[in-house]
Amino acid sequence: MPTYAIGDLQGCHAEFVALLDTLSFDPRRDRLWLAGDLVNRGPGSLACLREAYTLGDAVSIVLGNHDLHLLAVARGSVAAKRSDTLGSILDAEDRDRLLEWLQAQPLWVDDGSASDQRTLMVHAGLLPIWSLSEACERAQEVETVLRSERAGAFLDVMHGNTPARWQDDLEGDDRLRAIVNAFTRMRFVTADGTLDFKAKEGLDSAPEGFAPWFTYSREDDPRIVFGHWAALQGQTPGARVRVEALDTGCVWGGSLTALELESGRKVSVPCRKPA
Ligand SMILES: Nc1ncnc2c1ncn2[C@@H]1O[C@H](COP(=O)(O)OP(=O)(O)OP(=O)(O)OP(=O)(O)OC[C@H]2O[C@@H](n3cnc4c(N)ncnc43)[C@H](O)[C@@H]2O)[C@@H](O)[C@H]1O
């Protein structure tokens, strides 16, 4: 029963289907982890969402920034951006069922295995100053709100870059926004837990004083699989934690990659977008 972890689909449905075919993926036997950003930018967002929904218990998902953006747009909390490709979802007859399901997804997935085998999945990363138990609790704070009647009020104020620095005594919407940003938007961070929101390119785009989140060592040492950072092209040089970067930039003309968690084998299919 292999488990395959796949990075950001971003509406690349043809490639998603091709990758599952290449893996001979069978939902009755195999398991799938999707590292968030199932939708947006690519042409097949609705099909990706439906495909993941249909896989039922065979799939585990974490929410990415584009998934959360979809939830906020659908509610009218923020306007869609010109570059968004979310219209097919918003117009779909099954939109409510799909969005309700998406909103119930977590920010982190933990395979729960014994310490040196333990594997976690997050969309962007794990804030280096958080212990695993703190990270788990903070993810649950947001998940609880998203599954409650307070969800709409939070989605109304979710977007934003402040507070950029995590502090344990943050409260209310600021606290929830800081947690969302750490799990779903982080790339470069300072040693005191301040996030940068501008640099999106490769490792040489680090602002002064900031470093990739995975280059800070941790006392615990789980394997962390993550997406979000397409410019890494699946590489994490300088990593001081055990990480696997899964977003190989399919929507940007790269490829869609699956990591078989048990063996470490990687399988990719190329982007099918016409050049
Ligand atoms: N508080 C909040 N809560 C929830 N949602 C929020 C939020 N604030 C904002 N959002 C939402 O998040 C969404 C994204 O915002 P953006 O601000 O556009 O986010 P992004 O960093 O570009 O994220 P993305 O996930 O697209 O990154 P990727 O690496 O693929 O692409 C990044 C860059 O990498 C570049 N790139 C890709 N492949 C590359 C390669 N091989 N080499 C170099 N560069 C590459 C691309 O050109 C691109 O410019 C928006 O819808 C926004 O509204």
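Helices (H or I, at least four residues) and strands (E, at least two) are DSSP runs, numbered from the N terminus.

Leaving aside neighbours within four places in sequence, proline 128 is in contact with Val189, Trp213, Tyr216 and Arg218. Contact here means that the C-beta atoms of two residues, placed from the backbone, lie within 7 Å. Phenylalanine 154 is 26 residues away from proline 128 in sequence, and their C-alpha atoms are 25 Å apart in space.

A word on the model: it is predicted, so local features need pLDDT of at least 70 and side-chain atom pairs count only at pLDDT 80 or more, while totals for chains, interfaces and linings use all residues. Residues are numbered from 1 along each chain as its sequence is written.

## The nonpolar core

The largest nonpolar core has 73 residues, and those with the most contacts inside it are Ala5, Ile6, Ala35, Trp108, Met121 and Val122. Such a core is a set of buried Ala, Val, Leu, Ile, Met, Phe, Trp, Tyr and Cys residues joined through C-beta atoms within 7 Å. Helix H8 (172-185) gives the most to this core, with 6 residues.

## The open sheet

Another 5 strands form an open sheet in the order S3-S2-S1-S10-S11, with mixed pairing. Its edge strands are S3 (59-61) and S11 (266-270), each of which pairs on one side only. Neighbouring strands of this sheet are turned by 20 degrees against each other on average, direction ignored; axes are lines fitted to C-alpha atoms, for helices over the stretch in contact, and angles run from 0 to 180 degrees between N-to-C directions.

Strand S1 (residues 3-6) and strand S2 (residues 31-34) run parallel and are joined by 4 bridges. Threonine 3 has arginine 31 as its bridge partner in S2. Helix H1 (residues 13-22) lies across S1, strand S10 (255-260) and S11, running at about 140 degrees to S11.

## Helix H3 and the ligand

Helix H3 (65-75) is mostly covered, with 8 of its 11 residues buried. The buried ones are Asn65, His66, Asp67, Leu68, His69, Leu70, Leu71 and Val73. Their cover includes helix H4 (87-90), helix H5 (95-103), H7 and H8. Just after H3, glycine 76 takes a positive phi of about 85 degrees.

Of the 22 residues around the ligand, Asn65, His69, Lys200, Ala230 and Ala231 come nearest; a residue is near a molecule if its C-beta atom, placed from the backbone, lies within 6 Å of it. H3 supplies the largest share of this shell, 4 residues. The shell divides into 7 nonpolar, 10 polar and 5 charged residues, where Ala, Val, Leu, Ile, Met, Phe, Trp, Tyr, Cys and Pro count as nonpolar, Asp, Glu, Lys and Arg as charged, and the others, Gly among them, as polar.

## Backbone details worth a look

The peptide bond from threonine 162 to proline 163 is cis, with omega near -5 degrees. Proline 163 lies in the loop between helix H7 (151-157) and H8.

Serine 24, in the loop between H1 and S2, has a positive phi near 50 degrees and counts as exposed, because it has 9 C-beta neighbours inside 10 Å. Aspartate 37, in the loop between S2 and helix H2 (45-54), has a positive phi near 55 degrees. Aspartate 37 is buried, because 31 other C-beta atoms lie within 10 Å.

How values were computed. Pairing = 2+ DSSP bridges. Buried ≥ 20, exposed ≤ 12 C-beta atoms within 10 Å, placed from the backbone.
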